[in-house]
Amino acid sequence: MMETEISELETKALDRISAAHSPQELEAVRVEVLGRKGILSHISKDMGKLAPEERARAGKLLNAAKQAIEGAFERRKQEFEKTALNVRLDAEWIDLTLPAPGVRPGSLHPITQIQMEIEDLFVSLGFMVLDGPEVETEFHNFDALNIAPEHPARDAQDTFWLTDGNLLRTHTSPVQVRGMERFPPPLRMIAPGRAFRNESVDASHEHTFYQLEGMMIDRDVSVAHLLYFMKTLLKEIFRREVTVRLRPGFFPFVEPGFELDIQCVICGGSGCPVCKQSGWVELLPCGLVNPNVLRISGLDPEKWNGFAFGLGLTRLVMMRYGIDDIRLLQSGDLRFLQQF
Ligand code: 2NL
């Protein structure tokens with residue numbers, strides 16, 4: 001009688017365990033069947049009423065049933081845990097190769113960085129930082145700079161001419177012409193910004209490049225003043241004393257005009273690939289402002305004179321960081337830009 005009861009109970013319990021839809025349902029079955037006040041424990045108590053011989057048989061059967069039910073319960077429980085884990089793994093899956101969410105810190109373009117450094121230096125030396133239009137008149141870009149009407153620089157191969165007779169400025173010099181027109185001397189100013197030339201683009205030529213020109217107009221300005229300011233500038237850029245030399249250079253807007261070279265900062269002057277074994281690197285053109293240029297802008301060359309220089313920021317950045325292809329700078333490629 002009791003044996004039938006036990007085996008029926010076992011079958012029923014195993015069915016319920018495998019039919020359980022949730023861990024909660026499974027737990028309810030466990031409490032009801034295996035719990036302290038559950039069916040098994042109830043039967044166990046009833047066995048006391050049986051005859052000893054029958055009790056031993058029923059006891060064995062009950063134990064076997066209990067073990068079978070417990071085993072089935074554990075297996076079903078593990079199935080639920082495994083399913084729950086898989087659901088979580090699916091839901092919480094992340095791709096560690098994706099960029100992290102949120103705002104990522106940016107940085108200033110290396111040309112902007114060097115421009116700001118040089119601006120700070122010249123402001124500390126009493127210079128104004130001037131801006132001007134990128135679309136210029138022929139007068140401000142060429143005539144006012146003593147560049148002859150037939151000068152090859154005006155040619156369409158070098159200059160982007162617009163259909164209305166204006167042009168994209170080929171240097172930032174016109175900003176300084178506008179400065180001389182607008183502000184009375186004495187005058188100290190720098191003009192950083194973009195300039196444009198009609199170049200075939202390759203590793204060392206861009207149609208758009210960054211320049212910083214500077215000019216000081218005062219009484220009795222000499223090449224000694226020019227050299228002092230250029231050495232101060234180079235000390236700031238290279239963060240050390242540099243040896244310079246001047247070679248004659250011709251530019252219509254300066255007289256005398258110079259090419260300023262620095263002793264190679266890579267090899268110290270003994271010769272290397274950067275300076276092409278010469279020990280010197282050509283850095284910037286400069287000179288004393290041509291009296292014609294002063295006169296065209298309304299200054300009396302008998303009273304005033306000055307120095308001027310031009311600095312290619314693009315080239316400077318390439319030198320500072322050893323960049324061998326100018327096109328990288330305007331590429332907008334974050335892998336390149338994030339290095340600065
Ligand atoms: C260059 C140009 C130089 C100047 C630019 C200048 C401007 C005025 C008067 C006289 Cl308004 N000079 N600028 C002077 C010497 C050299 O270089 O293309 N540099 C990379």
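## Briefing: overall form, pockets and backbone features

Residues 24 or more positions apart account for 66% of the contacts in the chain that have a separation of 6 or more, where contact means heavy atoms within 4.5 Å. This is a predicted model, in which local features need pLDDT of at least 70 and side-chain atom pairs count only at pLDDT 80 or more, while totals for chains, interfaces and linings use all residues. Residues are numbered from 1 along each chain as its sequence is written, and side-chain values use heavy atoms, with hydrogens and water left out.

**Overall form**

- The chain has 11 helices and nine strands; helices (H or I, at least four residues) and strands (E, at least two) are DSSP runs, numbered from the N terminus.
- The radius of gyration of the chain is 43 Å, whereas a compact globule of 340 residues would have a value near 20 Å. The radius is taken over C-alpha atoms, and the globule rule is 2.2 Å times the number of residues to the power 0.38.
- Along the principal axes, the C-alpha atoms of the chain fill a box of roughly 140 × 50 × 35 Å.
- Of the 340 residues, 40% count as buried. Buried means under 20% relative accessible area, exposed means over 50%, and partly exposed lies in between (1.4 Å probe, protein chains only).
- The chain exposes about 19800 Å², and carbon and sulfur atoms supply 54% of this area. Accessible areas come from the Shrake-Rupley method with a 1.4 Å probe; for residues, only the protein chains shown count as cover.

**Largest pocket**

- The largest pocket has a volume of about 1300 Å³. On a 1 Å grid over the protein atoms alone, a pocket is an open set of points with protein on both sides within 12 Å along at least five of seven lines, a cavity is a set of points where a 1.4 Å probe fits but cannot get out, and lining residues have an atom within 4 Å of a point. Grid points are joined across faces, edges and corners, and a volume is the space filled by probe spheres set on the points.
- The largest pocket is lined by 50 residues, and Arg197, Phe209, Gln211, Phe251 and Pro285 lie nearest its centre.
- Two or more lining residues come from each of helix H7 (173–182), strand S5 (208–218), strand S7 (254–263), strand S8 (280–289), strand S9 (305–312) and helix H10 (313–321). S8 gives the most to this lining of the largest pocket, with seven residues.
- The lining of the largest pocket divides into 28 nonpolar, 14 polar and eight charged residues. Ala, Val, Leu, Ile, Met, Phe, Trp, Tyr, Cys and Pro count as nonpolar, Asp, Glu, Lys and Arg as charged, and the others, Gly among them, as polar.

**Second largest pocket**

- The second largest pocket has a volume of about 380 Å³.
- Its lining has 16 residues, of which Ile266, Val274, Val281, Arg315 and Met319 are the closest to its centre.
- Helix H8 (223–238), S8 and H10 are the elements that give two or more residues to the lining of the second largest pocket. H10 gives the most, with four residues.
- By class, the lining of the second largest pocket has 10 nonpolar, one polar and five charged residues.

**Cavity**

- The structure holds one cavity of 30 Å³ or more, and the largest cavity has a volume of about 30 Å³.
- The largest cavity is lined by Ile111, Glu206, Thr208, Phe209, Tyr210, Thr314, Ile326, Leu329 and Gln330. S5 supplies the largest share of this lining, three residues.
- The lining of the largest cavity has five nonpolar, three polar and one charged residues.

**Backbone features**

- Pro185 and Pro186 are joined by a cis peptide bond, with omega about 0°. Pro186 is in the loop between H7 and strand S4 (187–196).
- The peptide bond from Glu255 to Pro256 is also cis, with omega near 0°, and Pro256 is in strand S7.
- Asp220 is not a glycine, yet it has a positive phi of about 55°. Asp220 sits in the loop between S5 and H8 and is exposed, with a relative accessible area of 67%.
- Gln277, another residue other than glycine, has a positive phi near 70°. Gln277 lies in the loop between S7 and S8 and counts as exposed because its relative accessible area is 56%.

**Gln338**

- Gln338 is in the segment after helix H11 (334–337), and at 55% relative accessibility Gln338 counts as exposed.
- Gln338 and Lys37 are 301 residues apart along the chain, and their C-alpha atoms are separated by 69 Å.
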